Each structure stands twice: as C-alpha cells, then as structure tokens.
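This report covers side-chain packing and pairing in one protein model. The sequence and structure come before the account of them.

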Amino acid sequence: MASNKVLYFEGIDDILISFWDEAETITTAPTFGAEIYRFPIATKLAVKGNGSTMEKWASSKIFRRASRETKHELGLDHVGIPVDVLDQMKGLVAKKGVVFNKSTVQEYPFFAFGFIGRIEGGERMAVWYPKVQLDNATDLEYETAEEETDIKDVTTNFVATPLLYNEVINAAFDSTRESADLITLDKFIEEPIYDEKQLEDTTP
C-alpha cells in the first residue's frame, strides 16, 4: 500500500509477552522461551521516552544537533493480567497460592513486550520491545463493589531499555509502509524481533 495517504489509528489490540530464557551479552542476543503470551486485555498504552538533545556550537552557530533516547516508560491500562504471568514478571514462585514480596535488593526478570494496533482500512501495526522489566513502583487502588457492575481498569508500568547486544529499544511494523509487502503481521509477531538479521529469512 502507498504510504502517502493519511490513515487513522483505530485502537490498541492484543498485547504480547515472551520471557527471556537466557540473558544477553555484549556479543550475543538474549534467547526467548517458546511460549508467547497473547492477551486481549489492553484498554490504553502510554509510552514516555526520555529523549535528550545535545548541541555543539562552533563559530557562534549550531554546528551539530544530536538526539538520543535510552529508555521508554510503558503504562498499560488493562482489565487484568493472569496472576501467574505477573508472578513471573516479579520473579516470584507461589507456594500454596501465596507469594512473599520482600524489601531485599533484586533484579526483576527480563521479557519482551509487544502490542498490536488497528489502523483504518483493515491495516495493522505492531511493536516489539525486546528488553523490558516490570516497574517496581507499586500504585494500586482497591474499591468497593457497587450496585451497578463496573469493570475497573488496572494500570501496570514497565520500563524498556536498549539491548546491550545492539542497542535496540524496539522494532516497529506498520502494514501501510510500502516495503511491508515483504512481511506480514503474523510473521512479525511469531517471535520477538530485535535485529535486522531476523528479517532476512522472512517471507510473507
């Protein structure tokens, strides 16, 4: 499809979660588990970057202006994530239905987080964040039930950072791009995408 037509974002679709099996290094990418969780639970996703700009002046003029981003904060409003998945995000193992949250210093497990979006005309977009952790800042509200049923949204916050392996924060697919006929949405979400090499063997 030609990319010069303005098409409107209709709404967020499913979210995707894939936990790391093996950690990355400077020279090797992380490996991911065989299972990709796909949940139709999202009501809103807020993305906040920490972009900064550096300016270099010479001869009383701006000689160069460079920008950089090293983190995305993801705020997911949803109707509920399965508790076993949340426990895994926290590195907790339940015993007889009970987990214990402690004040000791710990590093939360890493996982890939993705989401799918709907675009006008039946088009789709999707994003993979390959290196994500649960934000440990807890912000919960518990309210009483009322006579009229109301399904409350829950907010879960994540932090996405660049891979050590290749500095990728995310990979974004949009079916309205002219080159998108070389890959489908289904192929893009088959596994977390974090490297151009993964696209070399991909056929629609």
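## Aromatic pairs

Rings of Phe, Tyr and Trp (its six-membered ring) count as a pair if their centres lie within 6.5 Å; planes under 30 degrees apart make the pair stacked, over 60 edge-to-face, and the rest tilted. By this rule the count comes to ten aromatic pairs. The model is predicted: local features need pLDDT of at least 70 and side-chain atom pairs count only at pLDDT 80 or more, while totals for chains, interfaces and linings use all residues. Residues are numbered from 1 along each chain as its sequence is written, and side-chain values use heavy atoms, with hydrogens and water left out.

Phe 32 and Tyr 194 form a tilted pair, because their ring centres are 6.1 Å apart and their planes lie at 40°. Phe 32 is in strand E2 and Tyr 194 in the loop between H2 and helix H3 (197-200), 162 residues apart; helices (H or I, at least four residues) and strands (E, at least two) are DSSP runs, numbered from the N terminus. Phe 32 is buried at 17% relative accessible area, and Tyr 194 is buried at 16%. Here buried means under 20% relative accessible area, exposed over 50%, and partly exposed in between (1.4 Å probe, protein chains only).

Tyr 37 and Phe 39 are stacked, with ring centres 5.9 Å apart and planes at 20°. Phe 39 is buried, with a relative accessible area of 12%. Ring pairs join Phe 19, Tyr 37, Phe 39, Phe 111, Phe 113 and Phe 158 into a cluster.

## Nonpolar cores

A nonpolar core is a set of buried Ala, Val, Leu, Ile, Met, Phe, Trp, Tyr and Cys residues joined through side-chain atoms within 4.5 Å. The largest one has 26 residues, of which Ile 15, Ile 17, Phe 113, Tyr 129 and Phe 158 touch the most other members. Elements that each supply at least two of its residues include strand E1 (9-22), strand E8 (111-119), strand E10 (154-160) and helix H1 (83-90). Strand E9 gives the largest share, five residues. Another core, of 18 residues, lies apart from it and has Trp 20, Phe 32, Ala 126 and Leu 163 among its members.

Leaving out residues up to four places away in sequence, the contacts of Phe 113 include Ile 15, Ile 17, Leu 45, Leu 74, Tyr 129 and Phe 158; contact means heavy atoms within 4.5 Å. In H1, the residues Val 85, Asp 87 and Met 89 are buried. Their cover includes E1, E3, E8, E9 and E10. Gly 91 follows H1 and has a positive phi, near 70°.

Asp 14 is buried at 11% relative accessibility, whereas Arg 38 is partly exposed at 43%.

Lys 131 and Glu 24 form another salt bridge (2.9 Å, N to O). Lys 131 lies in strand E9 and Glu 24 in the loop between E1 and strand E2 (31-32), so this pair ties together parts 107 residues apart in sequence. Both Lys 131 and Glu 24 are buried. Lys 131 also lies over the face of Phe 110, at 5.2 Å from the ring centre; the rule asks for NZ of Lys or CZ of Arg within 6 Å of the ring centre and within 35 degrees of the ring normal.

Terms used
Salt bridge = Lys/Arg side-chain N within 4 Å of Asp/Glu carboxyl O.
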